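Subject: Handing over a structure

Hello,

Here is the structure I promised to pass on. Please open it first, and then read my notes below.

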Amino acid sequence: MDTFLAVVSKREVREYAGRPIPADAEQRILEAGRISGSSQNRQPWRFLVVESPSLRARLADAVYVPANVRGGALVVVIAVGGRGPTAFDAGRAAQNMMLTAWNEQIGSCPNGMPDPDAVARLLDLEDGERPVVVLTFGYPARTRDPQRHAALEWIERANRKPFDEVVQQL
Ligand SMILES: Cc1cc2nc3c(=O)[nH]c(=O)nc-3n(C[C@H](O)[C@H](O)[C@H](O)COP(=O)(O)O)c2cc1C
């Protein structure tokens, strides 16, 4: 898929179809995160793939919208440690993973958590390591075909602030 079309047609998936993600697609999603750039190439992250059903259930209870984690075919926690702009680094990795997924019709959604310390304990993170986001991936319950609209149409349909409010010439 054209990268711009992938960016403008991607929406967060509220509900998943429940089908599993092929192993090779999962590998590409995780590689997209691993290969991401980061400040001073520190790669301050670990990507924790939560497979255990009991751990998944407890993680679901620790995010704002538990159903999104319960329904995901793949659940990845991005945890970071150390100094520097680690949240920005994690965001770069997260978006690369989500766009790589979308390139193969796999939807995704970032999930925040009200109590990151509780999630750090739940996942037994190392000292100084903290969870940034819980990413869910899966085939959307409602199929969305990126080719259905031109890029500019996807932009017009998106619930976003107007261009001139966001982009300003100085
Ligand atoms: C179920 C659900 C939970 C979400 N939780 C969070 C969150 O906790 N933190 C966050 O930054 N974004 C979260 N998001 C993502 C933003 O709401 C989303 O990026 C924004 O509303 C634009 O959505 P759209 O691209 O589908 O229009 C969540 C989205 C969904 C659907």
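Which residues have the most contacts inside the largest nonpolar core? They are L59, I78, A90, A94, V134 and L135, in a core of 31 residues. A nonpolar core here is a set of buried Ala, Val, Leu, Ile, Met, Phe, Trp, Tyr and Cys residues joined through C-beta atoms within 7 Å. A residue is buried if 20 or more other C-beta atoms lie within 10 Å of its own, exposed if 12 or fewer, and partly exposed in between, with C-beta atoms placed from the backbone. The elements giving two or more residues to this core are α3 (53-60), β2, α5 and β4.

Two notes on reading the model. Residues are numbered from 1 along each chain as its sequence is written. The model is predicted: local features need pLDDT of at least 70, side-chain atom pairs count only at pLDDT 80 or more, and totals for chains, interfaces and linings use all residues.

**The chain as a whole**

The chain has eight helices and four strands; these are DSSP runs (H or I, at least four residues, for helices; E, at least two, for strands), numbered from the N terminus. Along the sequence they follow the pattern α-α-β-α-α-β-α-β-α-β-α-α. The radius of gyration is 17 Å, close to the 15 Å that the globule rule gives for 170 residues, so the chain is as compact as a globular protein of that length. That radius is taken over C-alpha atoms, and the rule is 2.2 Å times the number of residues to the power 0.38. Along the principal axes, the C-alpha atoms fill a box of roughly 45 × 45 × 30 Å. Of the 170 residues, 30% count as buried.

Two residues are in contact if their C-beta atoms, placed from the backbone, lie within 7 Å. Among contacts with a separation of 6 or more, 81% are between residues 24 or more positions apart.

**Helix α5**

Buried residues in α5 include T86, D89, A90, A93, A94, M97 and M98. The buried residues of the helix pack against α1 (3-9), α2 (23-34), β1 (45-49), β2 (74-81), β3 and β4. A90, one of the core residues named above, is in contact with W45, I78, V80, V132 and V133, leaving aside neighbours within four places in sequence.

N111 lies in strand β3 and is buried, with 21 other C-beta atoms within 10 Å. Not counting residues up to four places away in sequence, N111 touches V63, Y64, V65, N68, V69, V133, V134 and T136.

**Other residues to look up**

R130 is in strand β4 and counts as partly exposed, with 17 C-beta neighbours inside 10 Å. R130 and G81 are 49 residues apart in sequence and 6.4 Å apart in space, C-alpha to C-alpha.

Two residues other than glycine have a positive phi. Q105, with phi near 65°, lies in the loop between α5 (86-102) and β3 and counts as partly exposed, with 14 C-beta neighbours inside 10 Å. D124, with phi of about 55°, sits in the loop between α6 (116-122) and β4 (129-138), and with 9 such neighbours D124 counts as exposed.

Happy browsing!
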